[in-house]
Amino acid sequence: MMNLEERAYGLRRDIIEEVYRSEAGHVGGDLSVIDILTVLYFKVMNVSPENWTSPDRDRFFLSKGHCVDALYMVLGEKGFFDKQEAIQTFSAFGSRYIGHPNTDVPGIEMNSGSLGHGLALGVGTALAAKMDHRTYRTYVVLGDGEMAEGSNYEAMMAAGHYKLDNLCATVDLNRLQISGTTKEVMCSDDMAEKFRAFGWNVISVEDGNDCGQLLAAYEQAATYTGKPTAVIAHTVKGKGVSFMEDNKSWHHGVMKKEQYEQAVMELEARRAELSDFKNQAEACGEKQARCGKEA
């Protein structure tokens with residue numbers, strides 16, 4: 001688990017570099033969703049550059065497509081393309097790494113970013129798997145602000161009606177959107193009950209930036225039958241950078257040099273701390289193993 005957390009903080013560092021260089025991107029949401037993406041791509045989903053053309057690969061849709069900055073870093077880390085290319089050219093003229101997912105980029109299943117579309121596509125893909133007798137699962141990540149879009153509720157209704165137990169939706173519930181809190185703009189406090197009303201299983205993750213809690217939720221989701229599953233992940237916008245955390249100003253913001261340097265310092269310090277913990281745990285495990293053999 002420590003490896004996942006360390007990797008997530010390394011990806012946060014990449015996101016900061018990507019966003020700072022481009023002077024674009026939705027950094028607050030990137031930092032809240034990166035743990036979800038890390039767990040899905042490195043522990044949960046059956047998808048990789050090697051099986052990308054396989055009809056049995058798992059499907060992933062980033063419905064909150066404005067946070068593609070984070071998805072590019074995860075796909076690059078996974079080996080779909082050179083991550084440095086994305087960091088260096090994100091949002092530049094002529095770059096394929098534009099500000100919303102597009103299928104010119106390896107690993108992207110669909111163009112998204114018009115909020116409220118991803119779950120409907122996920123329902124269609126999950127239904128197709130049932131009709132074709134395929135075993136792949138479909139995962140969709142949505143933003144809590146995005147849940148004000150009515151099309152989501154039509155998709156939720158259809159998923160419940162067709163009992164799509166091969167569909168798992170995650171709501172990145174960081175409570176903030178571009179114009180204020182979700183409570184002020186369009187309250188989402190009862191999100192779990194909304195999904196349940198449409199016939200979904202619901203798993204609430206108290207700390208949606210904790211890789212262990214997320215992994216447990218997805219493992220549990222895979223065991224449910226007869227219903228789709230919604231994972232409600234309570235996250236922190238801007239997670240990992242002190243001046244961005246829980247601050248709506250960083251839904252979309254451009255860092256000054258001093259802010260960039262502070263963000264880098266904080267993230268690298270946390271990653272080093274996680275690496276030290278991992279090394280200590282491994283050393284302790286090796287010591288215990290030696291003691292067991294000697295006994």
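## Basis of the model

This is a predicted model, in which local features need pLDDT of at least 70, side-chain atom pairs count only at pLDDT 80 or more, and totals for chains, interfaces and linings use all residues. Residues are numbered from 1 along each chain as its sequence is written, and side-chain values use heavy atoms, with hydrogens and water left out.

Helices (H or I, at least four residues) and strands (E, at least two) are DSSP runs, numbered from the N terminus. Buried means under 20% relative accessible area, exposed over 50%, and partly exposed in between (1.4 Å probe, protein chains only).

Strands count as paired if DSSP finds at least two bridges between them. F61 has V140 of β2 as its bridge partner.

One cavity of 30 Å³ or more turns up in a search of the whole structure. The largest cavity holds about 50 Å³ of space. On a 1 Å grid over the protein atoms alone, a cavity is a set of points where a 1.4 Å probe fits but cannot get out; a pocket is an open set with protein on both sides within 12 Å along at least five of seven lines; lining residues have an atom within 4 Å of a point. Grid points are joined across faces, edges and corners, and a volume is the space filled by probe spheres set on the points.

The lining of the largest cavity includes Y41, F60, F61, L62 and L71. P101, G107, I108, E109, M110 and S112 are also among its lining residues. Strand β1 gives the most to this lining, with three residues. By class, the lining has eight nonpolar, two polar and one charged residues. Ala, Val, Leu, Ile, Met, Phe, Trp, Tyr, Cys and Pro count as nonpolar, Asp, Glu, Lys and Arg as charged, and the others, Gly among them, as polar.

## Aromatic pairs

A pair of aromatic rings is described by the distance of the centres and the angle of the planes. Rings of Phe, Tyr and Trp (its six-membered ring) pair if their centres lie within 6.5 Å; planes under 30 degrees apart count as stacked, over 60 as edge-to-face and the rest as tilted. The count by this rule is ten aromatic pairs. Y41 and F60 are edge-to-face, because their planes stand at 70 degrees, with the ring centres 5.4 Å apart. This pair links distant parts of the chain: Y41 sits in helix α2 and F60 in strand β1, 19 residues apart. Y41 is buried at 2% relative accessibility. F60 is buried too, at 5%.

F81 and Y97 form a tilted pair, 5.1 Å centre to centre with 55 degrees between the planes. F81 is in the loop between α3 (68-78) and α4, Y97 in the loop between α4 and α5, and 16 residues separate them. F81 counts as buried at 9% relative accessibility, and Y97 is buried at 0%. Ring pairs link Y72, F81, F90 and Y97 into a cluster.

## Pockets

The largest pocket has about 220 Å³ of space. Its lining has 16 residues, of which H66, L115, G145, Q177 and H251 lie nearest the centre. These 16 divide into four nonpolar, eight polar and four charged.

The second largest pocket has about 160 Å³ of space. It is lined by 13 residues, with L173, R175, S188, D189 and H234 nearest its centre. Helices α7 (182-186) and α8 (191-197) and strand β7 (229-234) each give two or more residues to this lining. Its classes are four nonpolar, five polar and four charged.

## Positive phi

Most residues other than glycine have a negative phi. R175 has a positive phi of about 70 degrees. R175 lies in the loop between β3 (167-173) and β4 (176-177) and is partly exposed, at 37% relative accessibility.

S91 has a phi near 65 degrees, also a positive value. S91 is in the loop between α4 (83-89) and α5 (118-132). Its relative accessible area is 37%, so S91 is partly exposed.

## S32 in helix α2

S32 lies in helix α2 (residues 27-44). Its relative accessible area is 0%, so S32 is buried. Not counting residues up to four places away in sequence, S32 touches K64, D172, N174, N209, T235, V236, K237, G238 and K239. Contact here means heavy atoms within 4.5 Å.
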